[in-house]
Amino acid sequence: MRKVYLHIGFGKTGSSSLQSFLSFNPEFQNPETKEKLMYCCILKDGKIIFGDELKRRAEQNPFKYLASLPEIANIEILDVLKSELDSIFERGYTPIFSHESWWQRADDLRDTNFFNKLNILADVIVYIRPQVDWFNSAWWQWFAWEDSFTKPQDLFDAWGYNFMLWGSYISEWDTLDGVNNITVRLQPNDIIEDFLGLFNHVPAPGMSQKYRVNISLPPILIKFLLKYSFLRRKRTAHVDIILSKFLKFEGKSPWIISTELAHQIITANRLDNEKLLGMLDEASQEIMKNDPSWWDAEHYKGRYVFNEKDLELSNKELLSIIAQAIRSLIKLGK
């Protein structure tokens with residue numbers, strides 16, 4: 001049976017940086033097994049691009065990376081997709097595909113009998129991080145830009161807490177016919193090095209830093225986007241990447257989770273996280289067991305929580321953004 005590797009997420013665990021690295025370094029080999037690997041991307045019509053074509057499109061993309069189609073279970077493209085896979089396997093490659101939202105699409109794949117129809121087995125790779133830290137990052141990536149949410153509690157009042165049950169989502173993948181193996185990894189400091197290590201491959205020194213993209217915005221730029229909200233919506237994350245490229249400011253994204261809310265999140269996810277432990281290798285289990293960010297809201301007690309007034313953009317901050325923006329325009333003009 002033919003094999004593929006699927007990196008399925010989760011979002012906000014370094015997926016964009018990994019996809020950027022793989023987009024520009026798509027071909028490598030496992031030195032121990034001699035397996036030839038190729039990062040590929042599935043397009044909306046079922047076509048697969050790789051190699052120089054993938055690099056070219058990634059260079060033209062404002063994100064500086066390409067990921068596969070989120071809705072890969074679309075039954076209308078399966079025949080085309082199978083033919084494209086046939087060509088890749090005939091070349092002697094094992095393809096790697098990635099999209100950070102696939103973690104929530106197990107039911108779609110089951111409904112279309114996806115892997116059996118393509119005559120493939122999938123080795124699945126997924127990265128996880130503590131829900132409280134994840135939510136603070138996810139808030140500024142997606143949720144803060146929805147008109148229906150003005151503060152984190154609004155989202156939990158509307159959705160509850162089940163959307164962060166990592167173990168339950170991974171278990172759904174484990175029940176899919178055609179999934180050969182699932183590797184669950186704690187989010188590392190360097191996802192590129194960790195991911196390639198799964199294939200016994202080591203990136204060149206400094207390569208990981210070069211491909212860091214979609215990093216969190218500093219407070220001043222978040223204040224700017226909150227004030228001029230027409231510039232940023234839930235699905236326009238490319239704005240963050242462009243601003244980060246041309247406007248350099250200090251500071252991490254504002255922390256907006258109170259100790260009380262952290263306690264609610266941890267309590268709601270505790271049983272699922274205990275199940276999640278069993279999906280990790282022994283070394284990672286010990287790390288997760290001893291990491292209070294998974295288990296104890298007191299871990300977050302000393303963090304300053306930004307309030308509404310803290311997120312107001314001052315005239316001084318606005319002028320500093322304008323000055324940097326004009327310098328960047330002059331540089332681009334030259």
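## Close-up views of a predicted model

**View 1**

## Close-up views of a predicted model

View 1. A salt bridge here is a side-chain nitrogen of Lys or Arg within 4 Å of a carboxyl oxygen of Asp or Glu. This is a predicted model, in which local features need pLDDT of at least 70 and side-chain atom pairs count only at pLDDT 80 or more, while totals for chains, interfaces and linings use all residues. Residues are numbered from 1 along each chain as its sequence is written, and side-chain values use heavy atoms, with hydrogens and water left out. Asp 154 is buried, at a relative accessible area of 18%, whereas Lys 151 is partly exposed at 43%. Buried means under 20% relative accessible area, exposed over 50%, and partly exposed in between (1.4 Å probe, protein chains only).

**View 2. Thr 150 also reaches Asp 154.** The two side chains make a polar contact at 2.7 Å. That term covers a pair of N or O atoms within 3.5 Å; within protein, one must be able to donate a hydrogen and the other to accept it, and residues adjacent in sequence count only if both atoms are side-chain atoms. Thr 150 sits in the loop between α6 (131–141) and α7 (152–159). Helices (H or I, at least four residues) and strands (E, at least two) are DSSP runs, numbered from the N terminus. Is Thr 150 buried or exposed? Thr 150 counts as exposed, with 65% relative accessibility. Glu 308 is 158 residues away from Thr 150 in sequence, yet their C-alpha atoms are 9.7 Å apart in space.

**View 3. Helix α7 has a buried side.** Pro 152, Asp 154, Leu 155 and Phe 156 are its buried residues. They pack against α6 and α13, with contact meaning heavy atoms within 4.5 Å. After α7 comes Gly 160, with a positive phi near 80 degrees.

**View 4. Helices α8 and α13 cross.** Two packed helices are described by the angle between their axes and the distance between the axes. For α8 (residues 166–174) and α13 (residues 259–277), the axes come within 7 Å and cross at roughly 50 degrees. That makes α8 oblique to α13. The axes are lines fitted to C-alpha atoms, for helices over the stretch in contact, and angles run from 0 to 180 degrees between N-to-C directions. Angles under 35 degrees count as roughly parallel, over 145 as roughly antiparallel, 65 to 115 as roughly perpendicular and the rest as oblique. On the α8 side, look for Trp 166, Gly 167, Ser 168, Ile 170 and Ser 171; on the α13 side, Asp 272, Lys 275 and Leu 276. The contact residues split into three nonpolar, three polar and two charged. Here Ala, Val, Leu, Ile, Met, Phe, Trp, Tyr, Cys and Pro are nonpolar, Asp, Glu, Lys and Arg are charged, and the others, Gly among them, are polar.

**View 5. Glu 172 and Arg 110 form a salt bridge, 3.7 Å from N to O.** Glu 172 belongs to α8 and Arg 110 to α4 (residues 106–111), so the pair ties together parts that are 62 residues apart in sequence. Glu 172 is partly exposed, at 36% relative accessibility, and Arg 110 is partly exposed at 34%.

View 6. An α-helix has 3.6 residues a turn, so residues three or four places apart point the same way. Asp 86 is partly exposed at 23% relative accessibility, as is Lys 82 at 28%.

**View 7. Some backbone angles are worth a look.** Gly 9 and Phe 10 are joined by a cis peptide bond, with omega about 0 degrees. Phe 10 falls in the loop between β1 (2–7) and α1 (15–24). Which way does the phi of Lys 34 go? Lys 34 is not a glycine, but its phi is positive, about 70 degrees. You'll find Lys 34 in the loop between β2 (27–29) and β3 (36–42), exposed at 55% relative accessibility.
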